[in-house]
Amino acid sequence: MIKAGIIGSTGYAGAELARLLLGHPDTEIIWYGSRSYVGQEYASVYRNMFRIVDEKCLDDNMEELAGQADVVFTATPQGLCASLVNDGILSGTKIVDLSADFRIKNVETYEKWYGIKHKSPEYIQEAVYGLCEINREDVKQARLVANPGCYTTCSILTLYPLVKEGLLDVSSIIIDAKSGTSGAGRSAKTANLFCEVNESIKAYSVAAHRHTPEIEEQLGYAGGQPVLLNFTPHLVPMNRGILITAYAKLLKKVSYDEVKEVYDQYYAKEFFIRVLPKEVYPETRWVEGSNFVDMNFKIDERTGRIIAIGALDNLVKGAAGQAVQNMNLMFGLPENTGLMQIPMFP
Ligand SMILES: NC(=O)C1=CN([C@@H]2O[C@H](COP(=O)(O)OP(=O)(O)OC[C@H]3O[C@@H](n4cnc5c(N)ncnc54)[C@H](OP(=O)(O)O)[C@@H]3O)[C@@H](O)[C@H]2O)C=CC1
Ligand SMILES: CC(=O)N[C@@H](CCC(=O)OP(=O)(O)O)C(=O)O
């Protein structure tokens, strides 16, 4: 059995990790980490765990945890994992960090967009960007994985084949994204109260969202040239789900069949990526609770643009599911172990 510890188990991403790991045949959770609920029963924080989890929350003592766990998930705010990691810890355990601390390779870019000083830049190069479908072989060897987040996973995977095959003018990409409110985490914020969110949709962090440089960096690697794009997130009144609609100029005239072949070349064998039938477009409800990413595209002959659309569950493929997928790769397990949840509906 893989012994797993979760630092930040009382947040939304941590709670989803607990749910997935409890159903995983090869894992045992040995540490429900918390900052505010130390000593309290985990099931008193999340009542869905009543008679499923008997353990109490423990503190975020990474040193002690690293001596006991085979893998530690850090589902904590930006900056925390970077402040905890060191050689001793990494020689004792593997880390999957759900925050952004090790996702961006350029430390100045991280510090500028996140507004915090990076506490352990020496591990940035070593960290593997855990987008499993793209970096699978590197993840298998990693001891520190930077688990990509919800908007970025959806945006990068949806556009990756098009950028990789040089089909797009990469200076023309616009990504319009929507997220359910669980994407903002569990801690109390006025902007996330029911009356502030319900019956309304709003754009936020316009031309300033911290996921912009991450998407640009990863698509830049795919295309072999710098990518500069617009990314506009919107908050929508639903619990879970990310939907991205991306627009870009095509560099040459291509048909539906040609583009579909490109997507198939990359994703036909990917268990978690579902390229939908022609003219069927992703909906968040068809991926909810699962680790699937649904996507599709349409060529707009009139404007010479392609419109690519992707959807995933922000807490599963956008966070905890992808973290478990990474863990499976790091421990030599089949990638979909414990991740066979069928999307729930309604
Ligand atoms: N929500 C989402 O859809 C996604 C989240 N992520 C990432 O996952 C991470 C967690 O996000 P999310 O679950 O939404 O956030 P939440 O606000 O819901 O949870 C944060 C968690 O971190 C713990 N925590 C907060 N501050 C500290 C601290 N100083 N020391 C130790 N633990 C602390 C909290 O503990 P306590 O409750 O005990 O105070 C809580 O368990 C973030 O980095 C986020 O970017 C990534 C992809 C998607
Ligand atoms: C709706 C909402 O507020 N979403 C969060 C992003 C989700 C998240 O936690 O970010 P990471 O993917 O970087 O981990 C935001 O926009 O900041």
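This is a predicted model: local features need pLDDT of at least 70, side-chain atom pairs count only at pLDDT 80 or more; totals for chains, interfaces and linings use all residues.
Leaving aside its neighbours within four places in sequence, which residues is Ile-6 in contact with?

1. **Ile-6 and its surroundings.** The contacts of Ile-6, leaving aside neighbours within four places in sequence, are Gly-14, Leu-17, Ala-18, Ile-29, Trp-31, Tyr-32, Gly-33, Phe-73 and Ala-75. Two of these partners come back in the next point: Ile-6, Leu-17 and Phe-73 are the residues with the most contacts inside the largest nonpolar core.

2. **The core itself.** That largest nonpolar core has 93 residues. Helix H8 (residues 150-164) provides nine of them, the largest share. Both domain 1 (2-149 + 317-330) and domain 2 (151-313) give residues to this core, so you will find it lying between them. As general background, nonpolar side chains in soluble globular proteins tend to be buried together.

3. The domain assignment gives domain 1 as 2-149 + 317-330, and domain 2 as 151-313. Their C-alpha centres lie 25 Å apart. The contact between them takes 20 residues from domain 1 and 25 residues from domain 2. On the side of domain 1 that touches domain 2, the elements giving two or more residues are helix H6 (107-114), helix H7 (132-141) and H12. H12 supplies five residues there, the largest share of that side.

4. **Helix H8, worth a careful look.** Of the 15 residues of H8, 14 are buried, and the helix is mostly covered. Just after the helix, Gly-166 takes a positive phi of about 65°.

5. UniProt, in an unreviewed entry, lists Cys-150 under "active site". In the model Cys-150 lies in helix H8. Is Cys-150 buried or exposed? There are 28 other C-beta atoms within 10 Å of its own, so Cys-150 counts as buried. Not counting residues up to four places away in sequence, Cys-150 touches Ser-179, Gly-183, Ile-242, Leu-312, Asn-314, Gly-318 and Ala-319.

6. **Gly-321 in H12.** Helix H12 (residues 316-330) holds Gly-321. This glycine has 28 C-beta neighbours inside 10 Å and so counts as buried. Its contacts, not counting residues up to four places away in sequence, are Leu-20, Asn-291, Val-316 and Leu-339. Gly-321 and Ser-290 are 31 residues apart along the chain, with their C-alpha atoms separated by 7.8 Å.

7. **The annotated NAD-binding span.** The unreviewed UniProt entry carries the annotation "domain: Semialdehyde dehydrogenase NAD-binding" for residues 3-142. In the model this span is 35% helix and 15% strand, and its end C-alpha atoms lie 17 Å apart.

8. **Two non-glycine residues with positive phi.** Which values do Ala-207 and Glu-279 take? For Ala-207, phi is about 55°, positive although the residue is not a glycine. Ala-207 is placed in the loop between strand S8 (202-203) and helix H10 (212-223). It has 9 C-beta neighbours inside 10 Å and therefore counts as exposed. Glu-279, also not a glycine, has a positive phi of about 65°. Its place is the loop between strand S11 (273-275) and strand S12 (293-300). With 8 other C-beta atoms within 10 Å, Glu-279 is exposed.

9. **The segment after H12.** Two details here deserve a glance. The peptide bond from Phe-345 to Pro-346 is cis, with omega near -5°, and Pro-346 is found in the segment after H12. Ile-342 lies in the segment after H12 too. Ile-342 has 8 C-beta neighbours inside 10 Å and so counts as exposed. Between Ile-342 and Ser-255 there are 87 residues of separation in sequence and 33 Å in space, C-alpha to C-alpha.

Conventions. Residues are numbered from 1 along each chain as its sequence is written. Chains are lettered from A and ligands numbered from 1 in the order in which they are written. A nonpolar core is a set of buried Ala, Val, Leu, Ile, Met, Phe, Trp, Tyr and Cys residues joined through C-beta atoms within 7 Å. A residue is buried if 20 or more other C-beta atoms lie within 10 Å of its own, exposed if 12 or fewer, and partly exposed in between; C-beta atoms are placed from the backbone. Helices (H or I, at least four residues) and strands (E, at least two) are DSSP runs, numbered from the N terminus. Domain bounds come from an automatic or database domain assignment. Two residues are in contact if their C-beta atoms, placed from the backbone, lie within 7 Å. UniProt positions are given in the numbering used here, feature names are shortened, and annotations may be inferred rather than shown by experiment.
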